[in-house]
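Thanks for making time this morning. I would like to walk through one structure with you, going helix by helix and then turning to a few single residues.

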Amino acid sequence: MNRICELFDIQYPVIQGGMVWCSGWKLAVAVSNSGGLGLIGAGSMHPEVLDEHIKKAKQATQKPFGVNVPLLYPEIEKIMEIVVQNEVPVVFTSAGSPKKWTGWLKEHGTTVVHVVSSSLFAEKSEAAGVDAIVAEGFEAGGHNGREETTTLSLIPSVRKATGLPLMAAGGIATGQAMLAAMALGADGVQVGSRFAISEESSAHPDFKKLVVSLNEGGTKLALKKLAPVRLIKNHFFEQVDKAEKSGSTAESLQELLGKGRAKKGIFLGDLEDGELEIGQVSAQIKEIKPVKEIMETLISEYKKGVNDIKNGGKYSL
């Protein structure tokens, strides 16, 4: 049996990324009910809002689901207490060291996964006691590792560094990409952008429409002096790009960023002055579809690719 499926008790080794302003309970439930593992993104939720989303998810599905928790979240203690009180079976942690919370979560019966951007962080995560690792290349949307290592280069290195169950993330929106990641040593995949533009995503409809119109080069890594983040090129991005090229300090970039800009863009639909986070693979996403259809397509493409290779025939997209 696939190690990821066994670890999470799911049908397919497909995890939905816990993305800010996209990953509410509706998206998580839709993914879990379709055979993957859905994640509620705690990074854009106040503690009481997360509590509400977890309770609604538990009412809407009998399947396992999880919560993604950025470890630099300002009210991290409250978030972790809510996760444990609601007996959430799986927690994905990111944006910080897993040392402090992994042992505590595992003591409460929680399966812990940490997201990394390098083989060094994978080794440190294993030493911290996590149950599995997500290795995310810099093609991914949202915040990225400073190493700027691509998924294609990252997965083999992390596979050599750890024997833990491994999921690949960044640039994966098709079954073909899933097959490629698993050929490189991943046991499964974490899919972000493709689910961010699903019907069940909580992102604003105008944001979704913009994403499906993007072509290659429509996103770029920015704000590297703060925390590198992949953004759609809009008016806000142009301001950031100009500031970075002129040598702006981290403090001035933080002032330009302000507060609530990702919510303004992704959730409220301000396509000019909002912070619009999405992955490079957005150039391949041309339709807004329901999660069930997305999952069915991923798996059918993956199986077709496996069969094509086994039969020695020409691989076709």
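Predicted model: local features only at pLDDT ≥ 70, side-chain atom pairs only at ≥ 80, totals over all residues.

Which residues of H3 are buried? They are Pro47, Leu50, His53, Ile54 and Ala57, and since they cover an arc of only 120 degrees around the axis, they sit on the same side of H3. The face turned away from that buried side carries the exposed residues Glu48 and Gln59. As for what covers the buried residues of H3, the list includes helix H2 (25–33), strand S2 (38–41), strand S3 (65–70) and helix H4 (76–85).

After H5 comes glycine 109, with a positive phi near 85 degrees.

That brings me to H6 itself and to its packing with H7. In general, a pair of packed helices is described by the angle between the axes and the distance between them. For helix H6 (residues 119–128) and helix H7 (residues 151–161), the angle is about 35 degrees and the axes are 9 Å apart, while the crossing is right-handed. From H6, the contact is made by Ser119, Ala122, Glu123 and Glu126, and from H7 by Leu154, Ser157, Val158 and Ala161.

Now to backbone geometry, where I would point to two residues. Most residues other than glycine have a negative phi. Aspartate 9, however, has a positive phi, near 60 degrees; it is found in the loop between helix H1 (3–8) and strand S1 (14–16), and because its relative accessibility is 59%, where exposed means over 50%, aspartate 9 counts as exposed. Tryptophan 21 also has a positive phi, in this case near 65 degrees, and is found in the loop between S1 and H2.

Two further residues are worth a look for their surroundings. Is serine 193 buried or exposed? At 10% relative accessibility, serine 193 counts as buried; it is found in helix H9, residues 193–196, and, if we do not count residues up to four places away in sequence, serine 193 touches Met19, Ile278, Gly279, Val281 and Ile285.

Lysine 286, finally, lies in the loop between helix H13 (261–267) and helix H14 (291–310), and with a relative accessibility of 43% it counts as partly exposed. Leaving aside neighbours within four places in sequence, lysine 286 is in contact with Val212, Ser213, Leu214 and Asn215. Lysine 286 and glycine 218, for their part, are 68 residues apart in sequence and 13 Å apart in space, taken from C-alpha to C-alpha.

Key: Residues numbered from 1 in each chain as written. Heavy atoms only, no water. Axes fitted to C-alpha atoms, helices over the stretch in contact; angles between N-to-C directions. Helix = DSSP H or I, 4+ residues; strand = E, 2+ residues; numbered from the N terminus. Left-handed = near helix turned anticlockwise from the far one by under 90°. Contact = heavy atoms within 4.5 Å. Buried < 20%, exposed > 50% of the residue type's maximum accessible area, 1.4 Å probe, protein only. Arc of directions from axis to C-beta.
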